[in-house]
Structures are given as C-alpha cells and as structure tokens.
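My notebook for today is open.

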Amino acid sequence: MTANWAGQVAIVTGGARGLGRAMVRRLAAQGVAVTVNYTSRPDAADELVAEISAAGGRAIAVQADVADEAAVIAMVARTEAELGPVSILVNNAGIGWAATIESWEPQGFARLRAVNVDGTIHTIRAVVAGMKARHYGRIINISSVAGFGTTGFPGNHFYSSTKAEVNVLTKRFALELGRHGITVNAVAPGFTRTDMTVGKRNAAEWAEVEAGFAKVAMTGRVGDPDDIANAVEFLASPASGWITAQVLAVDGGRMDYIAHG
Ligand code: NAP
C-alpha cells in the first residue's frame with residue numbers, strides 16, 4: 001500500500017494542453033513522475049516536460065494516439081522503463097464532434113468513439129496488470145457533464161453519448177478492480193476555458209459564449225483548468241483510497257439540466 005506521493009508515476013493522456021496540462025503540473029508539483037502523452041503537438045509536450053525538469057521534477061513526453069492499442073501498450077512500456085511502475089492513470093485525452101441527427105456519419109462517430117471510449121479502455125487494459133500485482137492504483141477518467149445527457153446545451157449528442165459510456169465503464173471497472181486496491185473514478189467537467197471550448201472563436205464571440213455559460217452556473221463563472229486539476233489531484237492521491245465508482249461533477253453548479261423524469 002502506497003502511503004504517500006513519493007515514488008509515484010502517472011500517465012496523463014492528452015497531457016500537453018488544456019485540462020491535461022493543469023493536471024500534469026499539479027501531479028508533478030507533488031513529486032510524481034509524469035508521462036505527458038500527446039498526439040499532434042510535440043512542441044507543447046516538450047515545453048511542459050522542460051518546465052517540470054527545470055523545477056527539479058521528472059517527466060517525459062510520449063506520442064501515442066490512445067485509439068491505437070499497440071501505441072498505448074508501447075507508451076506504458078516506455079513509461080515503466082524510464083520512470084517506473086505506473087500507479088496513477090488519468091484518461092484525459094478526448095475530442096469533440098459537433099453533429100446533428102441529420103449530419104451524423106459513421107466515420108466521424110467511429111473516430112469519436114475510438115478516442116473517447118476505446119482510448120479509455122486501451123490505457124486501462126495496459127496498466128491494470130501491473131497495478132493488480134502491486135495492489136495499488138488510481139484511475140481517473142475525464143468524462144463531461146454532457147455525459148449526464150440532460151444539460152440544456154443543445155447539440156453534442158454523440159459526444160455526450162461517448163461520455164455517458166465512460167461514466168458507466170468507470171463504475172463497472174471500479175467493481176472489477178476494487179478488491180485489487182485500485183480505485184476508478186470519473187471527473188465530469190463543466191464548461192472550462194481550453195482550446196477545445198475556445199476553438200476558432202474571436203474574443204467577442206468567446207466573451208458571449210463564456211457569459212452564457214457563466215449565467216447557468218451557481219458560481220457565476222466558467223471553469224479554469226485548475227478547477228478540474230483540483231479534483232483530479234484529490235482522486236489521484238493516496239488519501240482517496242475509499243472512494244471509487246464515483247462520477248464527480250466539477251461544473252460550478254450547473255443549473256441548466258432538463259428535469260424530465
Ligand atoms: P483540448 O484543449 O482540445 O486538449 C485535448 C488534449 O487531448 C490535447 O492535449 C490533445 O493532444 C489530446 N488528444 C486528442 N486526441 C488524442 C488522441 N487520440 N490520443 C492522445 N491524445 C489526444 O481539450 P480539453 O478541453 O483540455 O479537454 C480534455 C478532456 O476534458 C477531454 O476528454 C474533454 O472531452 C473533457 N472535457 C472538457 C471540457 C471543457 O469545457 N474544456 C468539458 C467537459 C469535458 P495534442 O496536444 O497532441 O493535440
């Protein structure tokens with residue numbers, strides 16, 4: 001049983017930008033050695049690794065498309081060889097897909113599911129044998145409040161459905177792994193400022209979107225990546241060992257849920 005953060009090793013998928021970057025920084029600040037996984041932006045990953053190294057931490061950047069199981073297995077092998085046995089896995093990599101019933105097409109949906117759902121399964125499959133052998137693990141899946149299915153924000157049907165699947169798998173995997181000392185939880189972020197949400201909007205367009213989401217949050221603001229990292233840090237910590245199978249909404253108190261029973 002690991003009693004503190006010392007000697008721990010984490011993989012954060014999609015760790016170079018957005019929410020993932022805040023999580024990586026937070027874990028590294030606790031002394032955790034971190035694999036910063038990325039697909040398209042080696043510059044962002046290398047910059048983050050350099051920042052952590054300069055502060056005396058340990059981190060490596062590893063390219064792997066989480067939709068590709070062989071690449072994920074290779075990423076875990078490299079992590080174990082260079083940093084040590086993986087005790088924390090944060091499944092943060094995810095993509096959006098704006099499609100309506102009319103515009104749905106199978107390739108787009110297949111890619112969405114391959115990253116958001118299969119990616120989560122691939123990484124868990126790749127780390128779970130080692131975690132079982134050491135009788136310790138913390139797995140945190142980043143889903144979304146969209147996964148509850150009833151947020152008032154229109155569109156995003158298919159993205160929401162992948163995140164609902166992540167929520168269900170979180171609970172099912174927790175059931176399977178609990179007796180092995182492994183907790184599995186999900187963090188469901190609300191609307192948070194990152195490349196994914198800002199997208200191609202200009203400053204005025206973003207201000208309008210942000211104000212709209214701020215209005216439907218009890219706290220009156222959208223999220224900051226650090227808000228999400230706070231929850232991930234807690235669920236990744238040795239102190240959270242009796243918390244599993246939970247989906248924690250971190251959304252500033254969203255109020256735009258459709259109340260159909
Ligand atoms: P983001 O700014 O678009 O960053 C996404 C990250 O995921 C990037 O680092 C990207 O890598 C990586 N990635 C994408 N596809 C990948 C793949 N196939 N394999 C490995 N890495 C991949 O997104 P974000 O807003 O930080 O979102 C992070 C997670 O939170 C996602 O799962 C998203 O669905 C969820 N979420 C976000 C919000 C929000 O409001 N921002 C709300 C709810 C849920 P590269 O840097 O190499 O491109």
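**Entry 1: salt bridges**

I began with Arg193, which is partly exposed because its relative accessible area is 35% (buried means under 20%, exposed over 50%, partly exposed in between, with a 1.4 Å probe and protein chains only). This is a predicted model, where local features need pLDDT of at least 70 and side-chain atom pairs count only at pLDDT 80 or more, while totals for chains, interfaces and linings use all residues. Residues are numbered from 1 along each chain as its sequence is written, and side-chain values use heavy atoms, with hydrogens and water left out.

What does the side chain of Arg193 meet in a salt bridge? I found Glu210, at 2.8 Å from N to O (a salt bridge is a side-chain nitrogen of Lys or Arg within 4 Å of a carboxyl oxygen of Asp or Glu). Arg193 sits in the loop between β6 (182-189) and α6 (195-198), and Glu210 is 17 residues away in helix α7 (residues 203-215). Here helices (H or I, at least four residues) and strands (E, at least two) are DSSP runs, numbered from the N terminus.

I noted the general idea too: side chains of opposite charge can pair when their charged atoms come close.

How many salt bridges does the structure hold? I wrote down 13. One of them joins Arg125 and Glu69 at 2.7 Å, N to O. That pair links distant parts of the chain, since Arg125 is in helix α4 (residues 106-134) and Glu69 is in helix α3 (residues 69-82), 56 residues apart. Arg125 counts as exposed because its relative accessible area is 56%, and Glu69 counts as partly exposed because its value is 26%.

Then I checked Arg254 and Asp256, whose side chains also meet in a salt bridge (2.7 Å, N to O). Are these two buried or exposed? Both Arg254 and Asp256 are buried. I also saw that Arg26, Asp226 and Glu233 are joined into one network by salt bridges that share partners.

**Entry 2: rings**

I counted eight aromatic pairs (rings of Phe, Tyr and Trp, using the six-membered ring of Trp, pair if their centres lie within 6.5 Å). Trp97, Trp104, Phe109 and Phe158 make up one aromatic cluster.

Next I looked at Phe234, which lies in helix α8. Phe234 is partly exposed because its relative accessibility is 41%. Past its neighbours within four places in sequence, Phe234 is in contact with Ser240 and Ile243 (contact means heavy atoms within 4.5 Å).

**Entry 3: empty space**

Rolling a probe the size of a water molecule over the atoms shows where empty space is left. On a 1 Å grid over the protein atoms alone, a cavity is a set of points where a 1.4 Å probe fits but cannot get out, and a pocket is an open set with protein on both sides within 12 Å along at least five of seven lines; lining residues have an atom within 4 Å of a point. Grid points are joined across faces, edges and corners, and a volume is the space filled by probe spheres set on the points.

My search of the whole structure gave one cavity of 30 Å³ or more. The largest cavity has a volume of about 30 Å³, and α4 gives the most to its lining, with four residues.

I then turned to the second largest pocket, with about 260 Å³ of space. It is lined by 16 residues, and the closest to its centre are Ala16, Arg17, Gly18, Arg21 and Arg25.

Definitions and conventions:
Phe/Tyr/Trp six-rings, centres within 6.5 Å; stacked < 30°, edge-to-face > 60°.
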